[in-house]
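Please look over the sequence and the model shown below before reading on.

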Amino acid sequence: MPESLIKEIKETEKKSDEIIKKAKLKAQEGIEEARKEAETFIEKANDKVKTLIANKKEEGAKKAEEERVNLEKEVNKEIERIEKEASKKLKETQSLIIKRILKKD
């Protein structure tokens, strides 16, 4: 084999080794970039899930507050009804007492 041909083969091998090294570096960079993108995507997804959970908790808290307010209204109505009934009974009792006092005279 002529020496020039051997020299050319060695240069070609060197160039192909360099190209392979560069390709491996590019591939490694691509893998790292893809990993970073995946991590960012996962972080965003986790944030979204946390937000959804917080919204559900807030929604549940609002419903619980609405129920509490409704129950408070019902209790207040019942208290008002009982107070009216008690006032009526008190007036009736006072009236009976006055009638008895007047009857004794």
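Is E80 buried or partly exposed? E80 is partly exposed, because its relative accessible area is 44%, which lies between the 20% limit for buried residues and the 50% limit for exposed ones. The sections below place this residue in its setting. The model is a predicted one.

## Overall form

The protein chain contains one helix and zero strands. Helix α1 spans residues 3-104. Along the principal axes, the C-alpha atoms of the protein chain fill a box of roughly 150 × 10 × 10 Å. The radius of gyration of the protein chain is 45 Å, whereas a compact globule of 105 residues would have a value near 13 Å.

Two residues give a sense of distance along the chain. K15 and E74 are 59 residues apart in the sequence, and their C-alpha atoms are separated by 87 Å. K15 belongs to helix α1, and it counts as exposed because its relative accessibility is 54%, over the 50% limit.

## Surface and charge

Of the 105 residues of the protein chain, 0% count as buried.

The charged side chains of the protein chain number 29 positive and 26 negative, with 8 Å between the centres of the two sets. A patch of negative charge on the surface is formed by E29, E32, E33 and E37. One of these residues, E37, is located in helix α1.

## A nonpolar patch

M1, L5, I6 and I9 together make a nonpolar surface patch of about 370 Å². M1 sits in the segment before helix α1. What is the relative accessible area of M1? The value is 73%, so M1 counts as exposed.

## Salt bridges along the helix

Side chains of opposite charge can pair when their charged atoms come close. The structure holds six salt bridges. Among them is the pair formed by E80 and K84, with an N to O distance of 3.8 Å. Both E80 and K84 lie in helix α1, four residues apart, which is about one turn of the helix. E80 is partly exposed at 44%, while K84 is exposed, with 57% relative accessibility.

A salt bridge also joins K62 and E58, whose closest N and O atoms are 3.6 Å apart. Why are K62 and E58 separated by about one helical turn? The reason is that they are four residues apart in helix α1. E58 counts as partly exposed because its relative accessibility is 46%.

In another salt bridge, the side chains of E78 and R81 meet with 2.5 Å from N to O. Here the spacing in helix α1 is three residues, again about one turn of the helix. E78 is partly exposed at 36% relative accessibility, and R81 is partly exposed as well, with a relative accessible area of 41%.

Which residues are linked in a network of salt bridges? The network links E65, R68 and E72.

## Summary

The predicted model shows a protein chain with one helix and zero strands, and 0% of its residues count as buried. Six salt bridges are present, including the one between E80 and K84. The surface also carries a nonpolar patch made by M1, L5, I6 and I9, and a patch of negative charge where E29, E32, E33 and E37 gather.

Methods: Residues are numbered from 1 along each chain as its sequence is written. This is a predicted model: local features need pLDDT of at least 70, side-chain atom pairs count only at pLDDT 80 or more; totals for chains, interfaces and linings use all residues. Side-chain values use heavy atoms; hydrogens and water are left out. Patches are made of residues with over 30% relative accessible area and no salt bridge: like charges are joined within 9 Å, nonpolar side chains (Val, Leu, Ile, Met, Phe, Trp, Tyr) within 5 Å. Accessible areas come from the Shrake-Rupley method with a 1.4 Å probe; for residues, only the protein chains shown count as cover. A salt bridge is a side-chain nitrogen of Lys or Arg within 4 Å of a carboxyl oxygen of Asp or Glu. Helices (H or I, at least four residues) and strands (E, at least two) are DSSP runs, numbered from the N terminus. Buried means under 20% relative accessible area, exposed over 50%, partly exposed in between (1.4 Å probe, protein chains only). The radius of gyration is taken over C-alpha atoms; the globule rule is 2.2 Å times the number of residues to the power 0.38. Lys and Arg count as positive and Asp and Glu as negative; His and the chain ends are not counted. The place of a charge is taken as NZ of Lys, CZ of Arg, CG of Asp or CD of Glu.
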